[in-house]
Structure formats: C-alpha cells, structure tokens
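Subject: Handover of a structure for your study

Dear colleague,

Please find below the structure that I am handing over to you. My findings follow directly after it.

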Amino acid sequence: MITKTVQNAINEQINKELYSSYLYLSMAAYFEDKNLPGFANWMYVQAEEERGHGMKLFEHLLERSGKVELKPIAGPQTTWNTSLEVFKHVQEHEAAVTASINTLYELALKEKDYPFQVALQWFISEQVEEEKNAAEIVQQLELIDAKGTAVLMLDHQLGKRGKV
Ligand SMILES: [Fe+2]
Ligand SMILES: [Fe+2]
C-alpha cells in the first residue's frame with residue numbers, strides 16, 4: 001500500500017509536470033509569434049514529454065491503488081525578451097524540477113517505498129538529460145549572440161527534434 005504522504009507528494013509532482021508542459025507550450029506560442037518554427041517545434045516536443053512524465057506518475061499511483069487528485073495548473077509566463085532568456089528559463093525550471101525529484105527520492109527512502117524508488121530512478125536519469133539539453137542550447141545561443149543567420153540555422157536544427 002502506498003502511504004498518504006507518498007500519495008500527496010506524487011499528486012504534487014503530477015501537477016509540477018503538467019505545469020511544465022503548460023510552460024513549454026507557452027514558450028512554443030512565444031516562438032511561433034517570433035516566426036521561429038524550429039524553436040517552437042522543440043517546445044512542442046518538450047511539452048508532450050512533460051505530459052508524459054505526469055502520466056507516468058499518474059499510472060504509478062493507479063497501479064498501486066493510490067488516489068489521483070488533479071490540482072489546478074497555474075498560468076505560466078507568456079512573454080520573454082530574447083530566445084536566450086527563454087532557454088535560461090528552461091534551464092532554471094529544469095534545475096528546480098530536479099530538486100523536486102531528489103526530494104521525492106529522499107521521501108521514498110524515508111517511507112521505505114521500494115516501488116516508488118524504482119519508478120523515480122527513471123526520472124533521475126531523465127533530469128540529467130533535461131538539464132544537459134537546456135544547457136547545450138543556452139551555450140549555443142550565447143555563442144550566437146543575436147546574429148540573425150546563426151539563429152535561423154539553430155531554428156532549422158531544433159525543427160528536426162522528434163522527426164526521424
Ligand atoms: Fe518532467
Ligand atoms: Fe523536464
């Protein structure tokens with residue numbers, strides 16, 4: 001049986017993952033508005049992934065006869081000054097999510113919830129990947145420093161995400 005404490009913590013994390021999806025969708029809208037469809041594509045893929053993270057936790061709760069309690073999703077930021085600012089925001093947001101996953105893992109240890117520990121291992125590896133991806137794009141944008149041609153090249157590259 002899942003404890004009430006773990007159940008509440010999982011419901012909180014579902015909300016954070018769905019908020020992440022909402023935030024990245026807002027960033028996609030920002031890039032569409034700036035006519036950068038490749039950047040927008042990257043954000044659409046990211047938003048879908050975050051919904052998937054929420055669903056993994058949703059399913060984990062159900063598999064263990066826990067109760068899913070969906071909470072209201074806060075409205076995300078809708079505007080940024082530059083593409084670099086957007087990706088710095090992604091980087092900060094992912095660092096906060098990593099901290100939240102780590103706290104969940106500590107809770108799973110404390111509560112001796114072994115199945116949740118196993119489920120969280122996937123999230124721990126995923127956060128390494130998420131932080132790496134964000135850092136890479138931040139660094140590339142810092143190199144570009146608003147040079148139009150290079151931004152368009154990066155837009156083309158990010159447009160390929162999720163399309164094999
Ligand atoms: Fe996530
Ligand atoms: Fe993420």
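Glutamate 50 is buried, with a relative accessible area of 1%; buried means under 20% relative accessible area, exposed over 50%, and partly exposed in between, with a 1.4 Å probe and protein chains only. Glutamate 94 also counts as buried, at 1% relative accessibility, and glutamate 17 is buried as well.

Please note that this is a predicted model, in which local features need pLDDT of at least 70, side-chain atom pairs count only at pLDDT 80 or more, and totals for chains, interfaces and linings use all residues. Residues are numbered from 1 along each chain as its sequence is written, chains are lettered from A and ligands numbered from 1 in the order in which they are written, and side-chain values use heavy atoms, with hydrogens and water left out.

The two iron ions

What holds the iron ion (ligand 1)? Its protein donors are Glu17 (OE), Glu50 (OE) and His53 (ND1), lying 2.1 Å from the ion. Donors are N, O and S atoms within 2.8 Å of the metal (3.2 Å for Na, K and Ca); water is not among the atoms, so sites may look incomplete. Along the chain, these donors follow the spacing E-x32-E-x2-H. Glutamate 17 lies in helix α1 (residues 4–33) and glutamate 50 in helix α2 (residues 37–63), so the pair ties together parts that are 33 residues apart in sequence.

The iron ion (ligand 2) is coordinated by Glu50 (OE), Glu94 (OE), Glu94 (OE) and Glu130 (OE), at 1.9 to 2.5 Å. The angles between its four donor atoms run from 54 to 150°, which makes the arrangement irregular. Four donors count as tetrahedral if all angles lie between 85 and 135 degrees; four count as square planar and six as octahedral if opposite donors are over 155 degrees apart and all others between 65 and 115; anything else is irregular.

The iron ion (ligand 2) and the iron ion (ligand 1) are 3.3 Å apart, with glutamate 50 coordinating both. Glutamate 50 in helix α2 and glutamate 94 in helix α3 (residues 83–110) link distant parts of the chain, 44 residues apart.

The chain as a whole

The protein chain has five helices and zero strands; helices (H or I, at least four residues) and strands (E, at least two) are DSSP runs, numbered from the N terminus. Buried residues make up 43% of its 164 residues. The C-alpha atoms fill a box of roughly 55 × 30 × 25 Å, taken along the principal axes.

Yours sincerely,
A colleague
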